[in-house]
Amino acid sequence: MRRKLLFISPANLTVNPRLLKELKLAVSEGFDVDFVGFNTGNWSDKIDAELIKNIDANFHYIPITRKPLLPWFLSSIGEKISQKLYQFLKTNLKINAYAHSKRSILLNNYLKKKSKKYDLIISHVLTTLYPAYKFACRTNTKFIFDIEDYHPGEAVSFDNKNEKARREFLMQKILPKASFVTYASPLIGEYSLKLLNNYPKNRHRLINNCFSQTEFQFKENNSEKIKFVWFSQNISQGRGLELVVPALAKFKDKIELHLIGNLYEDFNTEFLSQYSEFITIHKPLPQKELNLKLSEFDIGLAIELNSADFNRHLCLTNKIWAYLQSGLYILATDTPAQVKFIAENKNAGIITGQNIGDFEITFKNILADIEKTQNEKQKRFEYAKDLSWENESEKIIDIWLKILE
């Protein structure tokens with residue numbers, strides 16, 4: 001009989017590539033796989049619908065939009081009431097979880113009705129932690145939690161102080177109940193484990209955000225201009241482009257900048273459009289198509305800003321791994337995590353400061369030595385094969401099998 005795994009996400013698979021890799025791994029290893037996530041009502045839903053057609057698993061998506069109205073309305077009310085009650089019930093797990101996110105409410109309500117028995121539950125991102133824990137308790141099932149980001153350090157637009165406290169409380173109270181904890185970068189692991197005093201060493205592990213080497217190809221750039229690339233789910237303000245683009249404009253006759261993602265029209269109108277002569281916008285792409293396309297470029301921009309939130313100090317994004325595996329030369333801002341990453345992967349790229357002047361100097365230095373950088377692209381591409389998902393996935397399988405035994 002096949003072992004049954006349940007994956008739980010606060011989003012869909014298109015915007016959660018880390019979980020997608022794990023889910024596809026489980027399918028390839030012969031597990032009976034179920035997925036519970038959300039339809040978000042944006043561009044990613046259409047890509048996701050196509051994506052899952054080729055995956056042999058059972059998928060259930062909870063709407064987070066206003067259609068149907070009643071679940072959205074009740075979960076929204078539940079979230080607001082929980083935030084009010086939090087002042088009086090700060091040690092109540094349910095109140096902390098529901099005040100954190102209405103998606104926790106919707107997930108918990110769905111899982112309450114689920115009768116299928118699983119051998120292992122795997123949940124990603126803090127929104128799923130309480131629902132996964134409650135479902136695991138009710139069904140006497142072991143569960144794994146993956147820390148994709150340092151959640152108490154993420155920027156919060158509402159009730160910041162209380163929300164930070166809620167996130168720390170949820171992690172401190174529930175993570176010790178998990179059979180295993182994984183995390184997406186060394187520093188995310190370090191700071192998360194600080195919240196959990198004396199957490200057992202044999203119950204946590206780093207799983208890097210790399211991809212399968214089959215998703216990448218090597219290609220030389222024979223164009224006259226140097227091609228820079230940056231991608232994200234959304235092309236919008238506050239992501240560092242306001243620093244990069246004016247600095248690149250100084251070299252506009254020598255370069256192209258390619259941006260891949262969902263373009264915010266107001267950001268385009270107010271900022272990007274004035275630089276359109278050297279910028280090309282590409283629509284969002286499914287993960288595999290995006291990774292293959294990266295081979296067309298020379299320089300990958302990993303622009304994380306310390307000013308965004310504390311999580312940006314600690315995270316290693318999908319993009320920095322994708323650039324590395326494509327053989328691109330990485331230009332990374334000097335967040336602690338990225339400084340550590342470049343130091344550990346020598347010749348992969350260069351570090352820059354986080355202001356326009358620093359970017360100008362760095363771009364000038366890169367362009368002055370561009371022939372060497374381009375000539376070493378294949379060397380970087382071959383080096384990164386040893387850092388692929390094929391290696392990381394062995395860690396995942398080892399964790400699953402030990403828990404299931």
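In this predicted model, Trp400 is tucked away from the surface: its relative accessible area is 2%, so Trp400 counts as buried. Phe7 is buried as well, because its relative accessibility comes out at 0%. By the ring-pair rule there are 19 aromatic pairs, and Phe7 and Trp400 make up one of them: the ring centres sit 6.3 Å apart with the planes at 70°, and an angle over 60 degrees makes a pair edge-to-face. What parts of the chain does this pair link? Distant ones: Phe7 belongs to strand β1 (residues 4-8), while Trp400 belongs to helix α18 (residues 389-404), 393 residues apart.

Another edge-to-face pair joins Tyr275 and Phe278, with 6.1 Å from centre to centre and 70° between the planes.

Lys21 is buried but has no salt bridge. How far away is the nearest side chain of opposite charge? That side chain is Glu215, at 7.9 Å, whereas a salt bridge has to be within 4 Å. What the side chain of Lys21 does reach is the backbone oxygen of Cys210, at 2.6 Å. Lys21 also lies over the face of Phe211, 4.3 Å from the ring centre. Setting aside neighbours within four places in sequence, the contacts of Lys21 include Asn209, Gln287 and Trp389.

Technical notes
Residues are numbered from 1 along each chain as its sequence is written. This is a predicted model: local features need pLDDT of at least 70, side-chain atom pairs count only at pLDDT 80 or more; totals for chains, interfaces and linings use all residues. Side-chain values use heavy atoms; hydrogens and water are left out. Buried means under 20% relative accessible area, exposed over 50%, partly exposed in between (1.4 Å probe, protein chains only). Lys and Arg count as positive and Asp and Glu as negative; His and the chain ends are not counted. A polar contact is a pair of N or O atoms within 3.5 Å; within protein, one must be able to donate a hydrogen and the other to accept it, and residues adjacent in sequence count only if both atoms are side-chain atoms. Contact means heavy atoms within 4.5 Å. Rings of Phe, Tyr and Trp (its six-membered ring) pair if their centres lie within 6.5 Å; planes under 30 degrees apart count as stacked, over 60 as edge-to-face and the rest as tilted. Helices (H or I, at least four residues) and strands (E, at least two) are DSSP runs, numbered from the N terminus. A charge sits over a ring if NZ of Lys or CZ of Arg is within 6 Å of the ring centre and within 35 degrees of the ring normal.
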